[in-house]
Amino acid sequence: MEGLLALSRGVDRLNEFIGKWVSWLILVSILVSAGNAIIRKVFNVSSNAWLELQWYLFGAAFMLAAAYTLKQNEHIRIDIVYGMWSRRVQHWIDLIGHLFFLMPFVLLMVYMFVPFTLHSFQSGEVSTNSGGLIIWPAKAILLVGFFLLALQGISEIIKKIAIMRGDIEDPNPFISVHEQAELEGKALAEEVRS
């Protein structure tokens, strides 16, 4: 199990590094969008390439940070139902969800995107918009994003099994939205008092 946990820690570090780094792409996307809007209004000039670059940057941030979001346990779930169960049952729900829903989906997406991306690269596919960008980098970002998500899914499965066996502490203890609001309120009250 120690070897698997070492693999899990490596995947976690990789996705944390990538997730934090690509968050800057949101700022770049905003700057490209603002620059394009200003140039369009001031000089009455526009380019589909700038618009597509904005889409590529935002898509890259979204896809490449998906694995980091999973690592941080920030994906959407229905807390009302999830919070009714004991932590042990919650771990089982997460493990079953990762094994039977997440992994088949991301592995299928990786399998489907490999030829999709290769064909786009080999054919030199270009946007159908006038002055648009080449397409294969966007498709490659999708492939890499799903691959990183698959790696993080494996890491989460390893950690869930280790937690359930008692080999490691739970890195993300569940706190309901209500409990989180109470904790934030108490922290804010303490801050105001000091």
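Pro 171 is placed in the loop between H6 and H7, where helices (H or I, at least four residues) are DSSP runs numbered from the N terminus, as are strands (E, at least two). This is a predicted model, in which local features need pLDDT of at least 70 and side-chain atom pairs count only at pLDDT 80 or more, whereas totals for chains, interfaces and linings use all residues. Residues are numbered from 1 along each chain as its sequence is written, and side-chain values use heavy atoms, with hydrogens and water left out.

Pro 171 counts as partly exposed because its relative accessibility is 48%; buried means under 20% relative accessible area, exposed over 50%, and partly exposed in between, with a 1.4 Å probe and protein chains only. In space, the C-alpha atom of Pro 171 is 9.9 Å from that of Lys 71, although the two residues are 100 apart in sequence.

With 13% relative accessibility, Ser 127 counts as buried. Its C-alpha atom is separated by 9.4 Å from that of Asn 48, a residue 79 places away along the chain. When residues up to four places away in sequence are not counted, Ser 127 touches Glu 52, Gly 132, Leu 133 and Ile 135, contact meaning heavy atoms within 4.5 Å.

The loop between helix H2 (24-43) and helix H3 (48-71) holds Asn 44. The phi angle of Asn 44 is near 55 degrees, a positive value in a residue other than glycine. Asn 44 has a relative accessible area of 70% and is therefore exposed.

The helices can next be set beside the record. The unreviewed UniProt entry carries the annotation "transmembrane region" for residues 21-43, 55-71, 92-114 and 134-155. UniProt positions are given here in the numbering used for the model, feature names are shortened, and annotations may be inferred rather than shown by experiment. In the model, the span 21-43 is 96% helix and 0% strand, and its end C-alpha atoms lie 33 Å apart. The span 134-155 is 91% helix and 0% strand, with 34 Å between its end C-alpha atoms.

The whole structure contains nine salt bridges, each being a side-chain nitrogen of Lys or Arg within 4 Å of a carboxyl oxygen of Asp or Glu. One of them joins Asp 94 to Lys 160, with the closest N and O atoms 3.1 Å apart. This pair links distant parts of the chain, since Asp 94 is in helix H5 and Lys 160 in helix H6, 66 residues apart. Asp 94 counts as buried because its relative accessibility is 8%, and Lys 160 counts as buried because its value is 7%.

Helix H6 also holds a local pair. Lys 159 forms a salt bridge with Glu 156, the closest N and O atoms being 2.8 Å apart. Because Lys 159 and Glu 156 are three residues apart in helix H6, about one helical turn separates them. Both Lys 159 and Glu 156 are buried. Together with Asp 12, these two residues are linked in a network of salt bridges.

Another pair lies in helix H7 (residues 177-193), where Arg 193 and Glu 190 are three residues apart, about one turn of the helix. Their closest N and O atoms are 2.8 Å apart in a salt bridge. Arg 193 counts as exposed because its relative accessibility is 65%, while Glu 190, at 47%, counts as partly exposed.

On the surface, Met 1, Leu 4, Leu 7, Ile 154 and Ile 161 form a nonpolar patch with about 390 Å² of accessible area together. Helix H1 (2-22) and helix H6 (136-165) are the elements that give two or more residues to the patch. Patches are made of residues with over 30% relative accessible area and no salt bridge, like charges being joined within 9 Å and nonpolar side chains (Val, Leu, Ile, Met, Phe, Trp, Tyr) within 5 Å. Accessible areas come from the Shrake-Rupley method with a 1.4 Å probe, and for residues only the protein chains shown count as cover. Ile 161, a patch member, is in helix H6 and counts as partly exposed because its relative accessibility is 35%.
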